[in-house]
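I opened this entry to look up a few side chains and ring pairs. My notes follow the structure.

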Amino acid sequence: MELDFINNGPKKYDCYEDIFCSLAHKVFDYLKIDTDYLIDVSIVDNKTIHKINKEYRNVDRPTDVISFAFFDDVNEKSLPGVPSSLGEIIISFEKAEEQAVQYDHSAKREFSFLFVHGMLHLLGYDHMNEEDEKEMFSLQEKILGERVTMENEKLVELAIDARKRSYSPYSHFAVGAALLTKSGKTYIGANIENSSYPLCMCAERNAIYGAYLDGVKKEEIVALAIAADTDGPCSPCGACRQVISELLPKNAKILMANLKNEIKETTTAELLPFAFSEDDLK
């Protein structure tokens with residue numbers, strides 16, 4: 001799967017390229033689609049989407065998302081090694097921001113919803129009648145995650161707050177982490193340093209070990225957020241990646257963030273490919 005992303009809005013929306021790419025993979029994985037598709041995604045303003053809405057749908061107002069499917073039958077096979085263009089998704093950043101306030105959730109949650117909504121339209125789903133609407137919206141909720149009420153930003157906020165508990169007199173590099181379980185319970189961690197440097201402990205491992213000590217099982221963990229005062233999203237060190245790869249589910253969300261609210265989302269499996277595991281000890 002390839003994503004052709006164009007941001008015609010403010011630069012802060014550049015981060016949605018990675019977010020949409022991750023969501024597209026989730027859609028394909030959930031629906032068990034293995035065809036090599038190319039998806040065009042554009043972020044535009046209300047004026048642009050209003051013009052498109054009027055020209056192609058004869059609706060004289062701006063809307064939040066428009067999809068143009070390029071296939072009548074999504075089961076059509078593409079040529080080997082050549083991705084077929086599935087279609088185009090156009091999202092109004094002004095509408096997305098407006099609706100995030102209206103529905104009292106984050107802008108990221110709204111953008112993610114609109115992208116998945118558009119993806120499902122490209123794949124032949126619709127909401128023209130009550131039965132189809134129920135199926136489509138049920139799919140959206142499942143793809144976006146079981147716990148849509150716990151926003152990524154809220155977990156990142158917990159990680160940022162956890163930084164205040166960091167003991168880092170040597171590196172002066174405070175890191176916070178927050179772990180979310182299926183029950184909704186969270187566990188925080190911060191890096192703790194020692195004058196004997198090998199005895200230092202990272203924020204991620206403190207959060208994970210705290211959860212395990214409280215009886216949390218691997219399959220109960222949903223996400224882990226890490227935050228620090230870095231130029232870009234803070235990435236876990238190699239040791240933490242190894243621990244994460246063994247103690248968190250492969251599909252758990254890993255949210256790497258900084259204090260500027262820049263968040264890069266990945267998964268346990270993507271964080272450390274070819275990880276050393278218990279199977280290597282057999």
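I worked on a predicted model.

Aromatic pairs. I looked up how many aromatic pairs the structure holds, and the count is 11. I took F20 and F115 to begin with: the pair is stacked, at 4.5 Å centre to centre with 5 degrees between the planes. F20 sits in helix α1 (residues 16–31) and F115 in helix α4 (residues 107–122), so this pair ties together parts 95 residues apart in sequence. Both F20 and F115 are buried.

I then checked F113 and F137, which form a tilted pair at 6.1 Å centre to centre and 45 degrees between the planes. F113 is in helix α4 and F137 in helix α5 (residues 130–144), so the parts tied together here are 24 residues apart in sequence. F113 is partly exposed at 21% relative accessibility, and F137 is partly exposed at 29%.

I also noted one aromatic cluster, formed by F5, Y13, Y16, F20, F93, F111 and F115.

N46. I found N46 in helix α2 (residues 46–57). Its relative accessibility is 19%, so N46 counts as buried, the cut-off being under 20%. The N46 side chain makes a polar contact with the side chain of S92 at 2.5 Å. Leaving aside neighbours within four places in sequence, I list P62, S92, E94 and K95 as the contacts of N46.

Surface patch. I recorded a nonpolar surface patch of about 430 Å², made by Y167, Y170, I192 and Y197. Y167 lies in the loop between α6 (152–162) and β5 (175–181). With a relative accessible area of 43%, Y167 is partly exposed.

Conventions: Residues are numbered from 1 along each chain as its sequence is written. This is a predicted model: local features need pLDDT of at least 70, side-chain atom pairs count only at pLDDT 80 or more; totals for chains, interfaces and linings use all residues. Side-chain values use heavy atoms; hydrogens and water are left out. Helices (H or I, at least four residues) and strands (E, at least two) are DSSP runs, numbered from the N terminus. Buried means under 20% relative accessible area, exposed over 50%, partly exposed in between (1.4 Å probe, protein chains only). A polar contact is a pair of N or O atoms within 3.5 Å; within protein, one must be able to donate a hydrogen and the other to accept it, and residues adjacent in sequence count only if both atoms are side-chain atoms. Contact means heavy atoms within 4.5 Å. Patches are made of residues with over 30% relative accessible area and no salt bridge: like charges are joined within 9 Å, nonpolar side chains (Val, Leu, Ile, Met, Phe, Trp, Tyr) within 5 Å. Accessible areas come from the Shrake-Rupley method with a 1.4 Å probe; for residues, only the protein chains shown count as cover. A salt bridge is a side-chain nitrogen of Lys or Arg within 4 Å of a carboxyl oxygen of Asp or Glu. Rings of Phe, Tyr and Trp (its six-membered ring) pair if their centres lie within 6.5 Å; planes under 30 degrees apart count as stacked, over 60 as edge-to-face and the rest as tilted.
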